[in-house]
Amino acid sequence: MKKEKVRRLISASAMLFPLLLTVAILTSLVLKALPIISLKSLPTLIFSSAWQPQKGHFGLWPFILGTLWVTITAFILAAPVAIFTSIYLAEYAPGKLKKILAPGLDLLAGLPSVIYGLWGILLIVPFISKYLAPLFSSYGSGYSILAAGIVLAVMILPTIINISVEVLNSVPTELKEAALALGATKFEVIYYVAMKKARPGLIAACALGLSRAFGETIAVMMVVGNVPEVPHTLFSPAYPLPALLANNYGEMLSIPGYDSILNFAALLLLLIVLIFSLMSRLYLNRLKRRS
Amino acid sequence: MVERGRLSLRNLNVYYGRNQVLKNINLDIPKNSLTVIIGPSGCGKTTLLKCFNRLLDEIEEARVEGQVIVDDQNIYDPGVEVTLIRKKMGLLSQRPQVLPMSIYDNVAFGPRLLGQKDKSYLNPLVEKYLRLAGLWEEVKNRLNEPANRLSIGQQQRLCLARGLAVEPEIILGDEPTSALDPQSSRNVEAHLLSLKTNYTIVLVTHILRQAKRLADYVAFLYLGELIEFGPASEVLVSPRDPRTRAYITGEIS
């Protein structure tokens, strides 16, 4: 009996560790961000587009927009491709092909992000500046939201595909057979039955991909241009929050308020991701309750 | 004399990879009657049933030789529209598989696949087949609820109604009562019995008592071979083959 209690205590305290760590991170961010919040108002910090730290202007709006633009672009590019790929892999692909493709996807998911960034610089950026942007009468370096979006999309593809395939595979064969027996074609079974049954899981897969996209730093930083301006088109450069932090933290900390604003930016990023995953969790729960 | 049915098998062989699971089966299933396929587990009963509506197509390593003739047409002929074949048959599986949608939409699923969207056509149709499956009175006030809120016995009758709604000629059942409680089983059995005047019913079961209660004709499968086929009164009471006798007396199972 006593042994049982000790074991329980050990696992309970192990549980406490990540919990406390999260709280600690949040607290330190808040504490460090407080000076700038008390100096300027929250709306100014968030919605002002003026970013001139030397002059004391700390508007984070360009960075927030940069994060949103890049992430949403990546998501719009990746989600449909990922869903269709996973439908193919789960429903159509012959067994042999599946056996080759699954480890390939795992490999892609495990590549260091700096490699993706390099690939973006070598291929995507020149492609955009030379061929794609001129089609839309836009001339620039190619370092842009679109470049970051494409690189990021490729990075989150394996994540979404892996989970989606698993989710689709978990739809019972007998259920698909039941729909087939009613005279549905393969596609009708997938569309009306499998995808409907798998919908919460598919949404979860997309949400996971999206939250990975929010936080991805290195690869994005390498191709996005890092210009602190409010972006206007997909071909504009941008400066997402993670890039701001990675590029600047630890430097120029002699500028008053700079350390604090960066901590505030980190807090903001954390909150965006947190709110986002909370929302998708709530949505998932609602879906589950309904079915 | 057995009346020639709409459903016939000619020299049917089925392989899973190198493994032969059905061996040279010839069978004429009489129409408007209830035929039960019995046999020990692993003898190929379910595979045989899946040949009838070509669900075997979905199994990558399965290979079919021979003919399955439905309405004078070999359904394995190249060029046969498989969805049309499947619409001729309703399927009841071991566990009821309700589609992830409302009760109404489950029954309307088949007709809608045919392009039928008109509510004034679908409404009476849904009612008709829910009545035929004995479910209407229980669900008429909650047709728009998700189907998986029904009890498992109700779900199986919903699957029956859904299968009937595509207006098939044949009903296939793969141990359709095995997941149900005794009360629901009886209910489903009773509905199958009442349907056999208008439908050809083929039922797989491993419950001999169920075969005795329901069958007009019995086919006994053993290790992939059709050992015996005939009227239930003959096969179940005085089987000709010693293997059938052994199975019926419980010596092999």
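Helices and strands here are DSSP runs, numbered from the N terminus; a helix has at least four residues and a strand at least two. The model is predicted.

**Exercise 1. Describe the make-up of chain A from its helices and strands.**

Solution. 
- Step 1: count the elements. Chain A holds 11 helices and 2 strands.
- Step 2: The pattern reads α-α-β-β-α-α-α-α-α-α-α-α-α.
- Step 3: The C-alpha trace of chain A spans about 70 × 70 × 35 Å along its principal axes.
- Step 4: Chain A has 291 residues, of which 38% count as buried. Among its contacts with a separation of 6 or more, 74% join residues 24 or more positions apart.

**Exercise 2. Work out which helices of chain A supply at least two residues each to the side that touches chain B.**

Solution. 
- Step 1: Chain A brings 19 residues and chain B brings 21 residues.
- Step 2: On chain A, α7 (173–181) and α8 (186–215) each supply at least two residues.
- Step 3: find the main contributor. α7(A) gives the most to this side, with 7 residues.
- Step 4: The side of chain A that touches chain B divides into 10 nonpolar, 4 polar and 5 charged residues.

**Exercise 3. Trace the order of the 4 strands in the open sheet of chain B and find its edge strands.**

Solution. 
- Step 1: write the order. The strands run β2-β1-β4-β5 in chain B, with antiparallel pairing.
- Step 2: identify the edges. β2 (19–29) and β5 (73–74) of chain B each pair on one side only.
- Step 3: inspect one pair. β4 (residues 62–70) of chain B joins β5(B) in the antiparallel sense over 2 bridges. B:Ile69 has B:Asn74, in β5(B), as its bridge partner.
- Step 4: place the helix. α1 (residues 45–52) of chain B lies across β1 (7–16), β2 and β4 of chain B, and runs at about 120 degrees to β1(B).

**Exercise 4. Characterise the packing of α3(B) with α6(B).**

Solution. 
- Step 1: take the geometry. The axes of α3 (residues 103–113) and α6 (residues 152–164) of chain B come within 7 Å and cross at roughly 30 degrees. The crossing of α3(B) with α6(B) is right-handed.
- Step 2: list the residues. From α3(B), B:Ile103, B:Asn106, B:Val107, B:Phe109 and B:Gly110 meet B:Leu158, B:Ala161 and B:Arg162 of α6(B).
- Step 3: classify them. The contact has 5 nonpolar, 2 polar and 1 charged residues. Gly is counted as polar, and B:Gly110 is one of the residues in α3(B) that take part.

Terms used
Residues numbered from 1 in each chain as written. Chains lettered and ligands numbered in written order. Predicted model: local features only at pLDDT ≥ 70, side-chain atom pairs only at ≥ 80, totals over all residues. Axes fitted to C-alpha atoms, helices over the stretch in contact; angles between N-to-C directions. Left-handed = near helix turned anticlockwise from the far one by under 90°. Contact = placed C-beta atoms within 7 Å. Pairing = 2+ DSSP bridges. Buried ≥ 20, exposed ≤ 12 C-beta atoms within 10 Å, placed from the backbone.
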